Amino acid sequence: MIEAVGLTKRYGDKTAVYNLSFQVRPGAVTGFLGPNGSGKSTTMRMILGLDNPTAGQVTIGGYPYRKLPNAPRQVGALLDAKAVHGGRHARNHLLSLAQLSGIPARRVDEVLGVVGLQDVAKKRSKGFSLGMGQRLGIAAALLGDPQVLLFDEPVNGLDPEGILWVRNLMKSLAAEGRTVFVSSHLMSEMALTADHLIVIGRGQLLSDMSVKDFISANSADFARVRTPDTEPQLREKLSSALTGAGGHVLPEQDGALRVTGLPLPRISDIAHDTDVRLWELSPHQASLEEAYMRMTQGAVDYRSTIDQKAGLMEPLPPGAQPPMPVPGQGQPGWYAPPPPQQGGQPFAMPQGQPGLPPAGPYGAPAGPGAAPAGQPNPYAQPAPQGAAPARPTAAPAQPSAPAAAPTKSEDAR
Ligand SMILES: Nc1ncnc2c1ncn2[C@@H]1O[C@H](COP(=O)(O)OP(=O)(O)OP(=O)(O)O)[C@@H](O)[C@H]1O
């Protein structure tokens with residue numbers, strides 16, 4: 001088991017991880033999710049002893065990584081697939097790692113087979129594609145047949161078949177009773193791969209629960225209702241009637257209404273009773289991707305500005321309509337509205353925290369992410385009430401590269 005308690009990491013005045021406490025249990029795949037720069041890699045480096053926590057601690061099987069007996073045989077990790085000597089053959093790369101850890105050479109050939117690189121074993125890794133590099137990194141993680149495995153974005157650059165292979169590999173490693181901790185940006189992929197999810201934003205814990213609980217807490221059903229575009233007053237009329245009947249109504253970007261709290265037949269009856277024609281009445285379920293976006297939207301550091309494409313766009317011909325955005329399909333700035341529980345938490349709380357105090361800054365639950373005694377929360381700047389999170393007007397500076405040097409990452413394997 002991996003256990004973090006009050007884990008905090010500061011780089012100068014930058015707080016990368018703040019008071020993070022969680023457990024990663026054996027026999028399950030635990031997904032580690034968070035937006036760019038939220039502290040996933042930093043946390044993984046601290047787990048692997050590549051960075052020292054500023055405060056708190058993290059242990060594997062009760063030991064900090066550096067004190068773990070025979071660590072390379074107990075813990076395997078893929079942190080940075082590019083942390084490879086490009087001039088070495090794939091097999092030689094693995095062989096050198098194996099020799100450093102007292103792992104027999106035959107194991108190298110076994111893992112090359114497991115990751116499907118046996119045919120390119122004698123090729124220099126600098127000629128490898130992104131996906132082949134990921135496979136080589138996974139082979140290195142598996143080398144010591146460890147009980148604890150950490151993967152930082154293992155599906156990065158893999159084709160659909162590779163993604164499926166990684167998914168099945170993670171599951172089978174967990175089914176063998178191993179501890180599998182895997183970071184990703186892809187909620188949809190994690191929903192298929194992981195049993196448990198830990199979500200962080202700006203270095204703080206946002207959610208710690210099983211995928212099953214995450215789905216039931218966040219996949220609210222809703223109805224999409226459209227009235228004739230040509231008669232906006234009908235939309236207003238229906239909206240008031242639905243609200244009066246106890247529904248919760250929110251506008252969609254394309255002019256439709258998103259209704260929760262009323263079953264479809266009731267919506268239909270209300271429309272009929274108020275003499276409003278409908279162009280659409282359809283059942284929907286908020287996707288996990290939407291729930292994740294909603295959960296992390298206050299903790300996103302790097303956001304694109306709208307590309308104005310000044311002078312590049314063809315003017316629309318007179319009378320033509322711009323293309324309709326499709327809800328949930330990633331149009332810039334579109335987020336699902338909050339789930340139906342009005343006045344409740346915007347998202348479900350971590351396990352074992354019933355009756356938590358109100359959400360902390362950036363939607364972080366005040367419980368697990370709350371400032372430890374005597375330590376001010378560096379993120380505790382009040383967000384403007386009711387306002388969307390501020391968007392930078394210019395692209396922010398590129399975050400500095402993580403500190404883990406290739407040699408260090410190799411040590412961790
Ligand atoms: N060595 C370092 N020195 C200074 N700042 C750092 C260092 N390593 C990470 N950071 C900062 O800490 C924050 C967390 O970075 P980290 O790489 O852990 O995030 P992440 O969640 O892994 O991001 P991504 O999903 O983009 O890989 C970022 O703001 C980053 O700039």
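**Close-up views of a predicted model**

**View 1. Helix α8 and its buried face.** In helix α8, which spans residues 211–218, the buried residues include V211, F214 and N218. Looking down the axis of α8, the buried residues fall within an arc of 60 degrees, so they line one face of the helix. K212 and S216 sit on the other side of α8 and are exposed.

**View 2. The whole protein chain, for orientation.** The protein chain has 413 residues, and 38% of them count as buried. Its secondary structure comes to twelve helices and 13 strands. Take the contacts between residues at least 6 apart in sequence: 71% of these join residues at least 24 apart.

**View 3. The largest nonpolar core.** This core holds 89 residues. I47, L94, A139, L143, L197 and V259 have the most contacts inside it. Helix α5 (residues 130–142) gives the largest share of the core, seven residues. Why does the core lie between two domains? Domain 1 (2–216 + 403–412) and domain 2 (221–285) both give residues to it, so the core lies between them.

**View 4. L94 and its contacts.** L94 is among the core residues with the most contacts inside the core. Set aside its neighbours within four places in sequence. L94 is then in contact with V108, V111 and L112, and also with A139, A140 and L143. Two of these partners, A139 and L143, are themselves listed with L94 among the residues with the most core contacts.

**View 5. An open sheet of three strands.** The strand order is β2-β1-β4, and the pairing is antiparallel. Which strands form the edges? They are β2 (14–24) and β4 (55–60), each of which pairs on one side only. From one strand to the next, the twist averages 20 degrees. Helix α1 (residues 40–47) packs on the sheet and touches β1, β2 and β4. The direction of α1 makes about 115 degrees with that of β1.

**View 6. The pairing of β1 with β4.** Strand β1 covers residues 2–11 and is joined to β4 by five bridges. The two strands run antiparallel. Look for I2: its bridge partner in β4 is I60.

View 7. Most residues other than glycine have a negative phi. N19 is not a glycine, yet its phi is positive, at about 50 degrees. N19 lies in strand β2. Is N19 buried or exposed? A residue needs 20 or more C-beta neighbours within 10 Å to be buried. N19 has 25 inside 10 Å, so it counts as buried.

View 8. D275 is placed in the loop between α10 (264–273) and β13. D275 has 10 inside 10 Å, so it counts as exposed.

View 9. Strand β13 (residues 280–285) is hardly covered. How many of its six residues are buried? The count is zero. Six bridges join β13 to strand β10 (residues 221–226), and the two run antiparallel. Within this pair, A223 stands opposite P283 in β13.

**View 10. G246 in its loop.** G246 belongs to the loop between α9 (232–244) and β11 (248–251). G246 has 9 C-beta neighbours inside 10 Å, so it counts as exposed. Apart from neighbours within four places in sequence, G246 is in contact with G261 and L262. G246 and G261 are 15 residues apart along the chain, while their C-alpha atoms are separated by 6.9 Å.

**View 11. R66 and I47.** R66 is found in the loop between β4 and α2 (71–74). With 11 C-beta neighbours inside 10 Å, R66 counts as exposed. R66 and I47 lie 19 residues apart in sequence. In space they are 9.5 Å apart, C-alpha to C-alpha. I47 is also one of the residues with the most contacts inside the largest nonpolar core.

How values were computed
Residues numbered from 1 in each chain as written. Predicted model: local features only at pLDDT ≥ 70, side-chain atom pairs only at ≥ 80, totals over all residues. Core = buried A, V, L, I, M, F, W, Y, C linked by C-beta atoms within 7 Å. Buried ≥ 20, exposed ≤ 12 C-beta atoms within 10 Å, placed from the backbone. Helix = DSSP H or I, 4+ residues; strand = E, 2+ residues; numbered from the N terminus. Domains from an automatic or database assignment. Contact = placed C-beta atoms within 7 Å. Pairing = 2+ DSSP bridges. Axes fitted to C-alpha atoms, helices over the stretch in contact; angles between N-to-C directions. Arc of directions from axis to C-beta.
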